[in-house]
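Have a look at it first, and then we can go through it piece by piece.

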Amino acid sequence: MAYIELPDGLPGIRALLAYRPDTARPLNDLVDVLLRGPHTLTPAERELIAASVSARNDCTYCQSIHGAIAARQLGDADDLVAQITSDPERAPISPKLKALLHIAGKTAESGRCVTAEDVARAREHGATDLEIHDTVLIAAFFCLCNRYVDGLATWTPSDPDFYRQRAKTIVDNGYTLTAIPAR
Amino acid sequence: MPHIGLPPGLPGIVSGFAFRPETAKPMRELAEILLRGPNTLTSAEREMIAAFVSSRNDCHFCQASHSAAAAHHQQGDYSIVNAVKQHYESAPVSHKLKALLTIAARVQESGRCVSSDDIQKARDEGATDREIHDTVLIAAAFSMFNRYVDGLATFTPTDDAAYDAMGQRMAREGYVDRSS
């Protein structure tokens, strides 16, 4: 049961975006630029950063939906995504992505935990300034989303198919503002 | 020394905004709505929540600039925001704001730390759904801003006068870049 009265039938952050559309707009704009805008990091790589930070923050809703989106973008690769979020250093991903996931994890702990060595490792594997900037900002943004979603105890569906269905819609159509459903 | 090639001579989050205008725009808009939009919580109260969370996250740039903004919403008086950062339970602010600051402190740690007791205490002191929502979102947003500023190791001025000037501008003109 959510801590405040939210629109019926909407899960996680979607209930909150419907509750306060004026703050929803910049949040949606930011997630669109960060996760779906033109980029040298693929959308799947960026969704993996989001899912990985959300797992670290123990936010089931955000981890589930962003993990499902990454899985869909990688060709229904649920197991691969699970491996990447639980043990990125041993997962079959590029050394650059491992280094960026490491920076994201440090950012999630505290911005002050990111060291020059962490950044140097990412650069050695070809990460650009923009990729490092966006990794830090995606991690920081998901620290916002995870706290927002869990801080108000929003509804977290437990059925993995729920997230798979929603992931399909997002991959096809993007992160659209949800209208308040008719009662 | 910043971790990436940020434009030189710009402090804190401003350097990040100059580096990446496409992400700056929504971040500025979010701050403007949250801290200065019409609200039953005053801008002073909302800036104090921001400064409090930033202080707990040990982000000097954000806590100093938002403390200054809070002060400049209160005739330049720093004593209230300083008391809130030091020991909010005994600060000269309303019981309602103290209950909301407890919620903000929980959110700063983790969304999962907020309990229904914390929410009930805020309601007992007169907090509305909207005020509770906004407190959680401000605390969550500053958990983002603090990590962005420090995660890139942006330049952090050490001079109080610089923050005082920033705070005056933030209180008077807000966060949206009106020049573009």
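For the complex, the predictor reports an ipTM of 0.98 along with a pTM of 0.97. Chain A has a mean pLDDT of 95, with 96% of its residues at 70 or more. For chain B the average is 97, and 98% of the residues score at least 70.

There is one stretch to handle with care. Over residues 179–183 of chain A, pLDDT stays under 50. The model has four contacts beyond four places in sequence for that stretch. Where pLDDT is low, the predicted coordinates should not be read in detail.

## Where the chains meet

## H4 against H5 in chain A

Now for a helix pair inside chain A. H4(A) spans residues 60–73 and H5(A) spans residues 78–86. They pack with their axes 8 Å apart, at an angle of about 125°. Angles from 65 to 115 degrees count as roughly perpendicular and those over 145 as roughly antiparallel, so H4(A) and H5(A) come out as oblique to each other. The crossing of H4(A) past H5(A) is right-handed.

Which residues do the touching? From H4(A) they are Gln63(A), Gly67(A), Ala70(A) and Ala71(A), and they meet Asp78(A), Val81(A) and Thr85(A) of H5(A). By class, that contact has three nonpolar, three polar and one charged residue.

H5 of chain A also holds Ala82(A). Ala82(A) counts as partly exposed because 15 other C-beta atoms lie within 10 Å.

## H4 against H9 in chain B

Chain B has its own helix pair to look at: H4(B), residues 60–72, and H9(B), residues 160–173. Their axes come within 7 Å and cross at roughly 55°. That angle makes H4(B) and H9(B) oblique to each other, therefore. Here, too, the crossing is right-handed, with H4(B) passing H9(B).

On the H4(B) side, the contact is made by Ala64(B), Ser65(B), Ala68(B), Ala69(B), Ala71(B) and His72(B). H9(B) answers with Tyr163(B), Asp164(B), Met166(B), Gly167(B), Gln168(B), Met170(B) and Ala171(B). Sorted by class, the residues of this contact are eight nonpolar, four polar and one charged.

## Two positive phi values

Phi of Asp58(A) is near 60°, a positive value in a residue other than glycine. Asp58(A) sits in the loop between H3 (43–56) and H4 of chain A, and it is partly exposed because it has 13 C-beta neighbours inside 10 Å.

Gln75(B), also not a glycine, has a positive phi near 55°. The loop between H4 and H5 (79–87) of chain B is where Gln75(B) lies. Is Gln75(B) buried or exposed? Gln75(B) is exposed, because 7 other C-beta atoms fall within 10 Å.

Pro7(B) belongs to the segment before helix H1 (12–19) of chain B. With 12 C-beta neighbours inside 10 Å, Pro7(B) counts as exposed. Leaving aside residues up to four places away in sequence, Pro7(B) touches Ser15(B), Ala18(B) and Phe19(B). Its C-alpha is 9.6 Å from that of Phe17(B), ten residues away in sequence.

The last stop is Ala105(B), found in H6 (residues 95–109) of chain B. Ala105(B) counts as partly exposed because it has 18 C-beta neighbours inside 10 Å; the cut-off for buried is 20 or more. Ala105(B) and Arg56(B) are 49 residues apart in sequence, while their C-alpha atoms are 7.8 Å apart in space.

Note on methods: Residues numbered from 1 in each chain as written. Chains lettered and ligands numbered in written order. Predicted model: local features only at pLDDT ≥ 70, side-chain atom pairs only at ≥ 80, totals over all residues. Axes fitted to C-alpha atoms, helices over the stretch in contact; angles between N-to-C directions. Helix = DSSP H or I, 4+ residues; strand = E, 2+ residues; numbered from the N terminus. Parallel < 35°, antiparallel > 145°, perpendicular 65-115°, else oblique. Left-handed = near helix turned anticlockwise from the far one by under 90°. Contact = placed C-beta atoms within 7 Å. Nonpolar A, V, L, I, M, F, W, Y, C, P; charged D, E, K, R; others polar. pLDDT = per-residue confidence, 0-100.
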